[in-house]
Structures are given as structure tokens and as C-alpha cells.
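Visitor: Before we start on the details, could you show me the sequence and the model together, and then take my questions one by one?

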Amino acid sequence: MTHSFASLALCSGMLLVSAYVAVSASPSSSVGPQAPPNAEEPLSPEDQAARTTFEMVCSTCHESAIATTTLRTRQEWSAVLDLMVTFGASASDAQFEQVQRYLGRRYGRVNLNRAPADELRFVLDVTPEVAEAIVAYRSTMRFTAPDDLKNIPGFDAARIEALKTHLQF
């Protein structure tokens, strides 16, 4: 059986993507292994559909666990997805949006003191008003611990424990 150069290049590319996804970390990443997201928060029907799409799209090239070993910012997840497309991942724009939604909500990371409101909404799954309240709070006070979110009007304090691994300060 012979393999074309294109097939070998695609396989090599997918191995590079898998390696990148498994070991890459941005300079803002914390040192050491990151804890997996807290599974206590149930998936909404919308997030369940996004997970199904993630598993369908990503499992054609690698095990989904490869992509979920590291928490990443919205921009980092976007870069990973762009790299996957470069190496041949195929899905509709809507499917890629669902994949990014699932990865951001379950494996996202956000800096409470620096992230714009849209990224806070994306990772924390909060309303625009709560995201803006977080931005307003940090204009006068610095976030230093997850429990500081209790000071944000409209934020569901019961979610703090589930979000701890996703927060940076």
C-alpha cells in the first residue's frame, strides 16, 4: 500500500496539532499542571449540543482528551482551532463556533483583572450586566481571590467553587 505525500503531510500535521494542543501553554499560564474544570456544573442543553459537536469534529483526528488537558483563554482556543483548520479540520462556521463555545465554557480561563467584558461573558457564562459589573468593580478594586466575585451584583455566588480553576488574577 502506498501513501501520497499529501496524506503523509496531513498525518504529520495532525500529529503536530495534537502535540501543540497537548503541551502548549501561553506565558500567562500558571506553572505546573492545571486542574481540570469542576464537573459539578451541569451542561445546559445548548452546551450539551456544543459538546456533541466538539466530540464529532475533533475526534476525527485525535482523542478529545488531548484538547482538554489545559485551560486556555478565548484567544488561545481560537488559535488552536485556527491551527486545526490549517491542518485539515473540517466543519461549518456554526460548528466551529459551538466547539469554541464548549471549550471556552468548560476549559476556558479568564483573568478577572484584565479580560474584556465579552471574554468574561464567554468563560464565566454571565449576562452582559454581570460582565460589566466585574469590569466596573476592578476599576476601583483588584480581584485577588474567587470569593471577590461575591461583591458583584447579580453574580451567582454558588458558582464560585465550580469556576475557581478557570480564574486568574
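**Surface, cores and side chains**

Guide: The protein chain exposes about 9,300 Å², and carbon and sulfur atoms supply 58% of that area. Please keep in mind throughout that this is a predicted model.

Visitor: In what order do the elements of the protein chain run from the N terminus on?

Guide: The protein chain has eight helices and two strands. Read from the N terminus on, these elements follow the order α-α-α-α-α-β-α-α-α-β.

Visitor: What share of the residues of the protein chain counts as buried?

Guide: A residue is called buried when its relative accessible area is under 20%. Applied to the 169 residues of the protein chain, that criterion gives a buried share of 44%.

Visitor: Which elements give two or more residues to the largest nonpolar core?

Guide: The largest nonpolar core has 21 residues, and those touching the most other members are Leu112, Leu120, Leu124, Ile134, Leu149, Ile152 and Phe155. The elements that contribute two or more residues to this core are helix H6 (117-124), helix H7 (128-138) and helix H8 (160-163).

Visitor: Which residues does leucine 149 touch, not counting those up to four places away in sequence?

Guide: Leucine 149 is one of the residues that touch the most other members of the largest core. Once residues up to four places away in sequence are set aside, the contacts of leucine 149 are with Leu112, Ile134, Phe143, Phe155, Ile160 and Leu167.

Visitor: How is the aromatic pair of tyrosine 137 and phenylalanine 143 classed?

Guide: Tyrosine 137 counts as buried because its relative accessibility is 15%, and phenylalanine 143 counts as buried at 1%. Their ring centres are 4.7 Å apart, with 45 degrees between the planes. Planes under 30 degrees apart would count as stacked and those over 60 as edge-to-face, so the remaining class applies, and this pair is tilted.

Visitor: Which residues form one aromatic cluster?

Guide: The structure holds three aromatic pairs. One aromatic cluster is formed by Phe54, Tyr102 and Tyr107.

Visitor: Which residue has a positive phi although it is not a glycine, and where is its place?

Guide: Most residues other than glycine have a negative phi. Aspartate 125 has a phi of about 55 degrees, although it is not a glycine. Aspartate 125 is also partly exposed, with a relative accessible area of 40%. The residue is therefore aspartate 125, partly exposed at 40%, and its place is in the loop between H6 and H7.

Technical notes:
Residues are numbered from 1 along each chain as its sequence is written. This is a predicted model: local features need pLDDT of at least 70, side-chain atom pairs count only at pLDDT 80 or more; totals for chains, interfaces and linings use all residues. Side-chain values use heavy atoms; hydrogens and water are left out. A nonpolar core is a set of buried Ala, Val, Leu, Ile, Met, Phe, Trp, Tyr and Cys residues joined through side-chain atoms within 4.5 Å. Buried means under 20% relative accessible area, exposed over 50%, partly exposed in between (1.4 Å probe, protein chains only). Helices (H or I, at least four residues) and strands (E, at least two) are DSSP runs, numbered from the N terminus. Contact means heavy atoms within 4.5 Å. Rings of Phe, Tyr and Trp (its six-membered ring) pair if their centres lie within 6.5 Å; planes under 30 degrees apart count as stacked, over 60 as edge-to-face and the rest as tilted. Accessible areas come from the Shrake-Rupley method with a 1.4 Å probe; for residues, only the protein chains shown count as cover.
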